[in-house]
Amino acid sequence: MIQKSDPLNLTGKVAVITGAGSGIGLGVAQMLSAYGAAVAIVDVSPKAEAAAQELRDAGRSAAFFQCDVTNEQSVIDTVNAIVAKFGRIDILHNNAGVTVRKCIDELSEKEWDFVLDVGLKGLFLMSKHVIPEMRKVGGGSIVNTGSGWGLKGGDQAAAYCAVKGGIVNVTRAMAIDHGKDNIRVNSINPGDTVTAMMISEGRQTGEIKSDADIDEFLKSCGSGRPLARIGQPEDIAKGVLFLCSDLASWITGAALVVDGGGIA
C-alpha cells in the first residue's frame, strides 16, 4: 500500500543552476533551496552574487560561481569549485540562454554563433563535466530549459528555435545514454514568462517601443492562452522541482511543457 511521504524534500542535495542570476534560473534557485537543496548559482554576471546573498540571508545554503558556460576551462574550474564547496552535485539545471529575434536571412554569423554557443554548447559543456560528479554519488537529475518553440516554430526566432529544438532532442539522447548511471534527463519547456529576456524580445520585435508599453506587451503575451495569463518564473520553477524530485523517479527523456496551454 502506498504511504504518505515527502518526495519533494531535497535536503542533502546540491543543485547547480546556470543563468541563475535572474529570471527563470533565479526562480528555480529559490524554489529548490526552499525545498532543502544547497544551490550553486552559476552566471556570467557578477551581479548574480546578490541572488546568492539573498538566499543566505534567508538561512539557506547558496553560493555564487561566475562562469562563462561557452568556455570549457571556465566550466571545469566552476564544477571543481562547486564540488570543493559543497562536496557533491545531484541536480543540474541547464538554463542559461540568449535570443536574437531575427529571421534566418537577417542573422549575422556572429549572432547565430552567440545564440547556439550559450544555449547548446553551454548545455554540452556543463553536462560533460557534471555527469562524472553525479556518477560518484550514484546518480542525479538533469533538467534542460527548452521552450514551446522547441516543439513548434516561432516567428523571427530562427537561431532560438534551432537551439530549443536541439535541446529537446539532445535531452532524449542524454536520457538514453545515462539511464545506466541512474541519471535522469528531462527538458522543461516554458511558454512566455515574465523575465528580462522576454522584455528584450519585445524591444527587438518592436512590440515594446518605450517602457510605457511593457505592461500591455506582457498582458498580450498571455491573453491568447487557455489559462489567459503570462507565466511567472515560479510557474516554471515548480515544474523543475517536480522533475528533480522523487515524484519523477521514473521519468526521463520527457519534454514537460509549462505554458498555460499555449501549444495545446
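Which side chains meet in a salt bridge at 2.8 Å, N to O? Point 2 takes this up.

1. **Ground rules.** This is a predicted model, in which local features need pLDDT of at least 70, side-chain atom pairs count only at pLDDT 80 or more, and totals for chains, interfaces and linings use all residues. Residues are numbered from 1 along each chain as its sequence is written, and side-chain values use heavy atoms, with hydrogens and water left out.

2. **Glu201 and Arg101.** These are the two side chains that meet at 2.8 Å, N to O. A salt bridge here is a side-chain nitrogen of Lys or Arg within 4 Å of a carboxyl oxygen of Asp or Glu. The pair links distant parts of the chain, 100 residues apart. Glu201 sits in helix α6 (residues 196-205). Arg101 sits in the loop between β4 (91-94) and α4 (109-136). Helices (H or I, at least four residues) and strands (E, at least two) are DSSP runs, numbered from the N terminus. Glu201 is buried at 8% relative accessibility, and Arg101 is buried at 9%. Buried means under 20% relative accessible area, exposed over 50%, and partly exposed in between (1.4 Å probe, protein chains only).

3. **Other salt bridges.** The structure holds 12 salt bridges. One of them joins Asp90 to Arg88, with the closest N and O atoms 2.7 Å apart. Asp90 is buried, at 3% relative accessible area. Arg88 is partly exposed, at 29%.

4. **A pair within a helix.** Glu234 and Lys238 form a salt bridge at 3.9 Å, N to O. They are 4 residues apart in helix α8 (residues 233-244), so about one helical turn separates them. Glu234 is partly exposed at 47% relative accessible area, and Lys238 is partly exposed at 46%. Elsewhere, salt bridges that share partners join Arg101, Asp155 and Glu201 into one network.

5. **The sheet.** 7 strands form an open sheet with parallel pairing, in the order β3-β2-β1-β4-β5-β6-β7. Two strands pair if DSSP finds at least two bridges between them. The edge strands, β3 (62-66) and β7 (255-258), each pair on one side only. The twist averages 20 degrees from one strand to the next. Axes are lines fitted to C-alpha atoms, for helices over the stretch in contact, and angles run from 0 to 180 degrees between N-to-C directions.

6. **Strands β1 and β2.** Strand β1 (residues 14-18) runs parallel to strand β2 (residues 38-43), and 5 bridges join them. Thr18 has Val42 in β2 as its bridge partner.
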